Each structure stands twice: as structure tokens, then as C-alpha cells.
Amino acid sequence: MRSNIVTEAGLPTRVGQWWDGIPFFTSAVVIICGTIYLVCLLVGYDSFAEICFLPAAILSKFQVYRIFTSVLFHGSLLHVLFNMLALVPLGSELERIMGSVRMLYLTILLATSNAIIHLFFAVIMAYNPFRPYENPMNECAIGFSGILFSLIVIETSLSGVQSRSVFGLFNVPAQWYVWILLLVFQLLMTNVSFLGHLCGIVTGFAYTYGLLNFLLPGTPFYSAIESSSLLSSCVRRPKFILCSGGNPSGQLPTYSGQSTMSNGVSFGNIWRNLSSWMPCRETVTQPQQDSRFPGRGRTLGSAHNQTASGDDSEFNLQTRLLDRSSADRPLEMAVTGAGHQSSDGRQNDSTVVDRAIPRQNQNSVASDAEIQNLVSMGFEKTQVEVALAAADGDVNIAVEILMSQKD
């Protein structure tokens with residue numbers, strides 16, 4: 001006997017669905033950082049003096065490669081785990097807005113800007129004539145957290161929220177969120193690079209206020225990279241997000257270019273000008289897009305894939321409907337035959353009709369009552385109607401059919 005119980009997806013299925021929802025570049029960073037840590041762990045490499053961000057070595061020996069190698073290496077399992085878990089939501093949201101290639105360029109830009117600001121602060125602290133402090137010049141820093149602090153600033157400015165939750169313990173105003181994180185990490189973990197995190201915050205605000213706009217190319221630059229043969233295999237990936245459908249200005253919205261500085265130098269005028277520079281979210285009227293993701297990026301062949309998948313699902317559901325109808329047809333013929341064998345054929349035929357009509361009404365009522373709930377679960381209305389018809393109005397069986405088609 002067929003069971004109507006819908007079992008929940010197992011842990012591997014949930015992890016697979018979570019991983020499939022991460023865009024291409026963000027998942028690539030997670031794989032690269034995780035692989036590098038595992039290789040270092042297996043070979044016993046725990047001396048990062050040759051690859052870490054060391055201002056003294058960069059300035060004296062011009063080892064520029066440290067700017068990028070220091071970002072990909074991590075010192076412990078918790079270090080790489082926390083950084084990647086923080087990157088997934090931040091990187092996924094921004095990559096869906098910008099596109100994969102543009103997100104790659106932004107990451108390189110943030111890493112380079114963080115390094116330049118870090119070097120500037122280290123030199124100022126070490127060679128100032130008042131109180132020299134040479135420790136930042138000899139500080140060896142590794143990890144992706146500097147870029148994460150920049151992304152936190154950018155995402156917080158674009159989200160428009162008024163408050164943020166700190167580790168789910170308490171809420172703080174959004175404008176103080178990144179500063180509180182900086183303080184909390186410094187108090188809980190004394191071996192973190194305070195200057196590296198601070199430079200990430202400064203770079204994030206520099207990008208938000210449009211100070212880095214002159215370094216951001218337009219959309220044709222990203223489109224040319226996407227159309228190159230070197231990235232053809234990557235562009236065909238289903239998780240790759242193109243930039244061609246993105247923001248025409250070639251970057252995330254930063255400040256309003258229409259506002260100009262007023263002649264007055266009062267505090268009120270300065271504050272109004274700074275407020276006009278704050279990021280403004282664009283309103284999107286497309287009905288099937290998340291409000292948090294304006295949808296400036298698109299996946300390759302997304303419309304075609306959605307149409308094809310919808311057609312395949314409807315075809316499979318209709319096939320199951322036909323199979324189920326053909327299986328029920330002998331039973332209906334048997335009931336009709338029994339009615340003809342009776343002495344009063346009309347009475348038996350009317351009895352059969354009277355039994356069939358309430359059943360159809362019950363199915364239609366069940367479909368009308370549950371169709372909105374199933375649509376709110378993420379299924380398309382057409383698929384819900386076909387699934388309910390195939391399941392004879394049984395909602396549990398309809399959910400099983402929809403889930404099997406979704407898998």
C-alpha cells in the first residue's frame with residue numbers, strides 16, 4: 001500500500017542544495033581556500049613567513065605576491081571555517097548583483113587597496129617623528145578576513161537595514177555593526193590583525209563613497225572577458241552569473257552623482273552631502289525576484305533552462321497522470337459493467353454518476369484550498385494543478401510528485 005507520508009530530505013541532500021545555491025566565484029574561493037589549507041595540513045606546512053602579508057618584506061624586497069598569497073592561506077581550521085562561512089552569504093549576495101567576473105575584479109581591487117592602506121599605516125606608525133612603533137612593519141598577517149570586512153561594509157550600506165544582529169545575541173545599529181565586530185574579534189582573539197581588519201573597513205567605506213570609481217571599468221570590459229575563449233568552460237557552468245545584464249555603470253551603486261557640493265561649509269551642509277553619497281538601492285519591478293537581490297546579474301541561459309525544466313516537469317507530471325488514469329480505467333469499467341448487469345440499469349448508472357460527482361467536487365475543492373499553500377512553497381501553479389490532478393486531490397501525494405520532479 002502506498003504511503004502518503006512525505007519524508008524530509010537527508011543531510012547530504014540539504015548540503016547539496018545549499019552548495020548548488022552558491023554562485024560560481026564564491027564557491028571557487030571556498031574550494032581554493034579549503035584546498036590550500038588541507039594541502040598545508042597534509043604536508044605539515046605551518047610556517048607562513050614566506051607567503052604572509054609582511055610590510056617590511058614587501059617594501060624592502062618588493063615581494064608584491066604577498067598581497068594575494070596572504071589572502072588565500074589560513075592558520076587553523078577555525079580560521080578558514082569561520083572566514084568561508086562568512087564569505088558564503090556576503091559573496092553570494094554581491095555576486096548575484098554584480099556577476100561573477102565583476103565580483104572577481106572587486107575582490108582583487110579590495111585586496112590591493114587593503115594592502116596599500118595597510119602599508120601606508122604601517123609606514124606612518126613606524127617612521128613618525130613623534131612616537132615610532134615598528135611592530136606593524138614586522139606583523140605577519142594571513143587570511144581572507146580583511147576582504148570580508150570590506151564586503152560587510154559594502155553589503156550593509158546596500159541592504160538598507162536599520163540594525164544588525166551580532167552573532168544572534170543582540171542587535172546594534174547598522175552603521176556601528178562593522179565597528180562592533182572589529183572590537184569583538186579583537187577582544188576575543190588577541191592574535192588577529194587589528195590593522196588588517198581596520199584597513200578592510202576603510203577600503204569598504206572608500207568603495208561605498210565612490211572613491212574607487214575611477215578604478216572600475218565599464219560593462220564592455222567584463223563582457224569582453226566573459227566572451228573570451230579562456231573562460232568559455234567557466235561561463236557554461238550553471239552557477240556562473242554574467243555581467244551583461246547587470247548595472248550599466250559597471251559597478252555597484254555608490255553615491256548619487258546628481259548631487260553637488262554646496263557653497264556653504266557648515267556642518268549641516270557637509271552632513272547632507274555625505275548623506276547624499278550613501279548608496280541607494282534600485283527598485284526592481286520583476287515579480288519573481290528576491291527583494292534583497294535586485295537581479296542585475298543573470299545566469300547563462302537562465303530563461304531557457306527555466307522554460308525547459310518547466311516543460312519537462314509538466315510533461316512528466318502529465319505522463320504520470322495518464323498512467324494513473326489508465327490504471328483506474330479498468331476499475332471504472334468494472335463498476336459500469338456491474339450497473340448494466342442489474343435489473344434496473346438506469347438506477348445503477350445514476351448511482352455511479354452520483355458517486356463520481358462528489359468525488360470530483362472533493363478533488364476540485366481540495367485543489368482550490370491547497371493550491372495557494374503549495375504555490376507558496378515554491379512550486380509553479382501549473383505544476384501544482386497537474387500534480388493535484390495526478391494525485392486525485394491528495395495533497396501529500398501531490399507534494400511527493402512535485403518534490404520528485406524538483407529533484
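**Ground rules.** I worked on a predicted model, where local features need pLDDT of at least 70 and side-chain atom pairs count only at pLDDT 80 or more, while totals for chains, interfaces and linings use all residues. I number residues from 1 along each chain as its sequence is written, and side-chain values use heavy atoms, with hydrogens and water left out.

**Entry 1: the disulfide.** I searched the whole structure for disulfides (pairs of cysteine sulfur atoms within 2.5 Å) and found one. Cys52 is joined to Cys140, with an S to S distance of 1.7 Å. The link has -125 degrees about the S-S bond and is left-handed. Its two ends come from distant parts of the chain, 88 residues apart. Cys52 sits in the loop between helix H2 (24–43) and helix H3 (55–61), and Cys140 in the loop between helix H6 (100–127) and helix H7 (145–159). For the record, helices (H or I, at least four residues) and strands (E, at least two) are DSSP runs, numbered from the N terminus.

Entry 2: My cut-offs here are buried for under 20% relative accessible area, exposed for over 50%, and partly exposed in between (1.4 Å probe, protein chains only). Cys52 counts as buried because its relative accessibility is 0%.

**Entry 3: Phe62.** Most residues other than glycine have a negative phi. I found Phe62 in the loop between H3 and helix H4 (66–72). With a relative accessible area of 65%, Phe62 is exposed.

**Entry 4: annotated spans.** The unreviewed UniProt entry places "transmembrane region" at several spans, including 65–91 and 136–154. UniProt positions are in the numbering used here, feature names are shortened, and annotations may be inferred rather than shown by experiment. I checked residues 65–91: 81% helix, 0% strand, with end C-alpha atoms 23 Å apart. Residues 136–154 are 53% helix and 0% strand, and their end C-alpha atoms lie 26 Å apart.

**Entry 5: His118.** I found His118 in helix H6, and its relative accessible area of 4% makes it buried. Leaving aside neighbours within four places in sequence, I listed its contacts (heavy atoms within 4.5 Å): Phe53, Pro55, Glu139, Ser193, Leu195, Gly196 and Cys199.
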